[in-house]
Amino acid sequence: MQNTGFWNISFLAAINSYTDIVRDNNTGQIMLRRESAEETYPVMRALTQIRHQNLMTVYDAIIVNGKCVSLCEFINGTTIEGCVERFGTYSESGAKDILCQICDGLTQMHRNGIIHRDIKPSNVMIENNGNVKIIDYDISRTVKQDQPKDTRILGTAGYASPEQFGFSQTNAKADIYACGVLLNYLLTGKLPNEQLYGGYLAEIICECTQMDESKRFDSAEELKMVLLGKKRNKHKARRALPGYRGGVPLMVFTTIILLIWGFLVYSFGTFLAKNAVEHPDLFWGQLVICADVFLFWSFLPYFFFGDAFTLSNIINRKNPQNGLFVMRTLGVLSIVIGFVLLIITLNISVS
């Protein structure tokens with residue numbers, strides 16, 4: 001990579017084909033000169049306005065010959081990948097400290113509308129003084145509200161969220177997903193689907209890596225708060241009743257089902273009231289059957305759809321991403337059983 005001459009710098013050494021170590025001839029400061037795709041220019045320019053102790057500083061960025069060329073902070077330290085390979089995995093307290101600092105850096109990026117999209121062990125450095133810095137913004141992007149999905153499918157296998165593979169537009173929760181994978185790596189040296197950490201932090205890892213982004217932590221700030229052991233609001237909108245966590249069509253369908261449920265309650269109530277007078281000997285048996293069915297329909301589906309992920313995590317400790325499939329399977333099973341019981345009840349009632 002040749003010096004462009006746009007900055008008063010001197011070449012010192014090449015790290016790779018797109019990164020050089022340079023010196024500012026005016027101040028003597030050591031920096032990195034990096035080349036990346038032209039598409040990264042808007043993000044790199046935006047990053048020049050951000051200064052945070054947990055983010056690699058971008059001093060300047062320009063377009064040269066169809067490439068984005070940037071001057072970045074030179075960091076004395078080692079990547080997390082290098083630390084784990086050399087010294088082994090981290091304790092829970094050490095892993096939490098690193099991830100909390102990553103959360104601080106991500107919070108600053110997200111507040112400025114930037115998503116990193118490539119949080120992984122080789123893109124996080126630990127300085128010699130212990131400070132943690134996020135590096136490498138080559139596939140970072142800004143949030144575009146009118147864009148249904150990402151225009152480029154990018155990310156590192158194992159750390160990239162499902163959204164990054166073209167299913168929808170990535171947002172800050174893509175970085176939350178990667179944080180969960182990274183936390184597991186810090187504790188085990190492996191991806192969650194290879195070996196899920198068995199301590200209490202497993203719940204945090206599983207929530208970060210939910211396939212459905214709406215079930216992940218809402219922000220890097222919330223993730224840090226939970227890592228520090230602080231309580232969060234248990235009655236947030238994302239904990240809404242099953243059927244009201246999706247879009248309008250699902251909510252309309254759920255409302256219709258609830259209206260039908262209410263009508264059935266009224267019909268069975270009327271039927272039982274009439275039977276109490278005409279057939280008192282059958283009343284109590286039919287009451288018990290009806291009560292069983294409606295208790296089943298009222299509570300069991302909620303547990304299956306709303307809270308069964310804890311059970312599915314136990315079943316799928318080695319592959320927590322299968323949990324969503326297990327949860328839905330249990331929920332569908334509950335509905336099938338409910339229909340069978342309803343038909344049986346109707347037959348008994350008619351007879």
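Tutor: In this predicted model, the largest nonpolar core holds 57 residues, and those that touch the most other members are Ile 80, Ile 102, Leu 182, Ile 204 and Leu 223. The largest share of this core comes from helix H4, residues 172-188, which supplies 10 residues. Apart from this core lies another one, of eight residues, including Ile 9, Val 22, Met 31 and Val 64.

Leaving out residues up to four places away in sequence, Leu 182 touches Ile 80, Leu 99, Ile 102, Ile 119, Lys 120, Pro 121, Val 124 and Tyr 159.

Ile 98 has a relative accessible area of 4%; because the limit for a buried residue is under 20%, Ile 98 counts as buried. The C-alpha atom of Ile 98 is separated by 9.1 Å from that of Gly 130, although the two residues are 32 residues apart along the chain.

Asp 136 is found in the loop between strand E9 (132-134) and strand E10 (141-142). Asp 136 counts as buried because its relative accessibility is 18%. Its side chain reaches the backbone nitrogen of Asp 138 at 3.2 Å. Beyond its neighbours within four places in sequence, Asp 136 is in contact with Arg 34, Met 56, His 116 and Asn 123.

How values were computed:
Residues numbered from 1 in each chain as written. Predicted model: local features only at pLDDT ≥ 70, side-chain atom pairs only at ≥ 80, totals over all residues. Heavy atoms only, no water. Helix = DSSP H or I, 4+ residues; strand = E, 2+ residues; numbered from the N terminus. Buried < 20%, exposed > 50% of the residue type's maximum accessible area, 1.4 Å probe, protein only. Polar contact = N/O pair within 3.5 Å; in protein donor to acceptor, adjacent residues only side chain to side chain. Contact = heavy atoms within 4.5 Å. Core = buried A, V, L, I, M, F, W, Y, C linked by side-chain atoms within 4.5 Å.
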